[in-house]
Amino acid sequence: MSTPMRHGPSQQGRTPSQHPVAAPTPQASTPFSNPQTAAAFSPHGPRSSPQQFKKSPATGTMAGSTINTGTVNFDSPSAAAAYNTLGMAINDLNLDNISVGGLVGAAGRTDEEDRKKRMEAVIAALWAQNSSRVSNQGLERLAIHLSLECLWEDVKGAGENAKTLIIAGQTMAVEVNITNHVVHEASLVYTESLPIIEKHVDKASAILLKDLSLAPGQSPLTKRLTQFRANLERLATLDKLSVTPGFNCHEAIAGIWESLERLHRWDVQKLRDEDHTLSGMSDERLRVFALCLRNGCPLMHTRGRIGLSIDYWKERRKIASTTVESENAKTWGILIECADANGMVYTPVRVSDKWISPDIEKSNLTDDEMISATGPVLDWLEPANTLIQSPEEMKTEGGLELTGPKPPEVVFMANFDPPVIVPHAVAMEVYKISATNTPLTSITFDALMFPVVDGSSYDPSEPREISFTQTIPTFTNRLHGQPQAEPVLKAHQNTLFIYKPVYGQVLNNVPFSHPKDLITILPLLRQYAFLSLLLTNSLKPKENKSTVKKAETDKENLQPLTRQQEFENFISGKDKNASTEALKVDITLTAHPVPRLFLVFPFKSHTANVTLEIQIGGRVHIVSENIFSNDTGFLGDNPANRRRTPQDWANALETMEDIGAWIEVIKHKLE
């Protein structure tokens, strides 16, 4: 068994005279050649020894007292090299002809503190780069940086360089088997065997192994610790906040998962029993609907992230191939973590798996609940407070000595992933669950959604206009049941207008005391998650998406027109190249009190005007229009079905999640 490795001193103390290329210089007084000033300029701070405080027989003075020395020559190359190692420039310091004794006396403790702050800033900047590679030393440095214990063990019979690194905290440990800087096994182990957390260990271990192992064909020189570091930081944070014995943050979060998982299974069964249109669907499809329409879906250790996530919205949610844990569709969720209370006046963490009753739905409703209920009333429970024993030394609060059990100084924290952009009024509703004041802001909702380009003029009180050329892949043949392998690309010139700007907020995190607080705000979050999805798909470029080429138009546009066709086009006012031009679509956004989109685009011989309202829960409602009243088509283009209504077109937009593609279908069906 070997001990944790330590690394040798750096080369930052070398001067040019130590390098073979440096020319010898005459003797000069440098900051590091004078014993009285070496401590002041050393990056390791001043050092003292017993001899410094003994009275010298030769001088009869104290070695630690102020000595009037000569001036220091800062023009020497050695002095310049010494300052360069500290990241300072001689010209910027302006220290020429300053007495060293005066410099040391004036600096004192202030210079020591500043030097320490600078060194901490440099270390923090290096860690912020997050560029460490997977290696023996890299793993050990990361563990030490997170204040975790490291222990190396040799693996017998597995080769000369086969080792096991144990990264341990007080409640958990991560074991990594590594050979020649290549990881081939990683596992998460909890020091306390609790079934409520042990059931999720295998998924967490698989994520850690994926973070550290090489991809097929990948070189060890390119494998970084980025993902592993993020997951280890989450584990370390929960470990530090836990108190042994009596309070385990991992157990507290697992208890929330237990309650919300029972609620999710109840939602799935309710959808199957109460909605006949969903009765024939698979459980996985119903889970997606429950995720987006009911009380969300709790997932432990998913999408490469260790921890609990309450997913509440998913891209392409109505597409049959979409699953709850599919990673090819963007997902909106709330990460449940623990955080230090830091003096917040708030309900501390409670460890329980009984946040909701076994029956889920409340049976005996009060008069107020019966009046306000719009659906099933959930039977939430209030678990007992979790108390921990005080340490042996007594703590005082307000002058009173406390020796009995007390709640942990830890709160539940909800981190929105991704952050959600909402108007200020909506942010106030969300922050109500934490009884905290909403942060003040001077940024508008549209500026958060579409950041202002640096250098451009912007006045929040003035209307704003944003333009973007969108590429729409269309499959018109498939609408008629015919095969079509390649899409026909169309171009839309989209212009967004904001005439009434409102202040906005970015929801990053909020403390909470009960999971019901989060379930309450899910409909609001879905409303603005879907709004952001519509605006992003229409006004922002997408990755790996083809662009419109001038030659890629309808096949009939590539064929020469006959004289008769040219004459008919001339009489009707049509132009042969009209389809190659971008379709102009104007979108006017109103974010408050209810988000609305007013669409204007060419349609037949006039202009189409459609007003869309994004309602609570992410549902689309057509407030007004002038094109669907003449729709004589049938639902699904089947005459056996009922005729299409504006709400059917709203449902189509919910499925397509793209205003441009929706407009193309409207023009194809109704023009």
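Lys 199 is partly exposed because its relative accessibility is 49%, where buried denotes under 20% relative accessible area, exposed over 50% and partly exposed the range in between, for a 1.4 Å probe and protein chains only. In this predicted model, local features need pLDDT of at least 70 and side-chain atom pairs count only at pLDDT 80 or more, whereas totals for chains, interfaces and linings use all residues. Residues are numbered from 1 along each chain as its sequence is written, and side-chain values use heavy atoms, with hydrogens and water left out.

Lys 199 forms a salt bridge with Glu 258, with 2.8 Å between the closest N and O atoms; a salt bridge is here a side-chain nitrogen of Lys or Arg within 4 Å of a carboxyl oxygen of Asp or Glu. This pair links distant parts of the chain, 59 residues apart, since Lys 199 lies in the loop between helix 6 (195–198) and helix 7 (201–212) and Glu 258 in helix 9 (residues 249–274). Helices (H or I, at least four residues) and strands (E, at least two) are DSSP runs numbered from the N terminus. Glu 258, at 15% relative accessibility, counts as buried.

A salt bridge also joins the side chains of Arg 234 and Glu 337, at an N to O distance of 3.9 Å. Here too distant parts of the chain are linked, with Arg 234 in helix 8 (residues 226–241) and Glu 337 in strand 7 (residues 331–340), 103 residues apart. Arg 234 is partly exposed at 23% relative accessible area, and Glu 337 is partly exposed at 25% relative accessibility.

In the salt bridge between the side chains of Lys 432 and Glu 429, the N to O distance is 3.3 Å. Lys 432 counts as exposed at 55% relative accessibility, while Glu 429, at 40%, counts as partly exposed. Salt bridges that share partners also join Arg 317, Lys 318, Arg 619 and Glu 654 into one network. The structure holds 22 salt bridges.

Turning to helix packing, helix 18 (residues 646–656) and helix 19 (residues 659–670) pack at an angle of about 135 degrees, with their axes 9 Å apart. Helix 18 is therefore oblique to helix 19, given that angles under 35 degrees count as roughly parallel, over 145 as roughly antiparallel, 65 to 115 as roughly perpendicular and the rest as oblique. Axes are lines fitted to C-alpha atoms, for helices over the stretch in contact, and angles run from 0 to 180 degrees between N-to-C directions.
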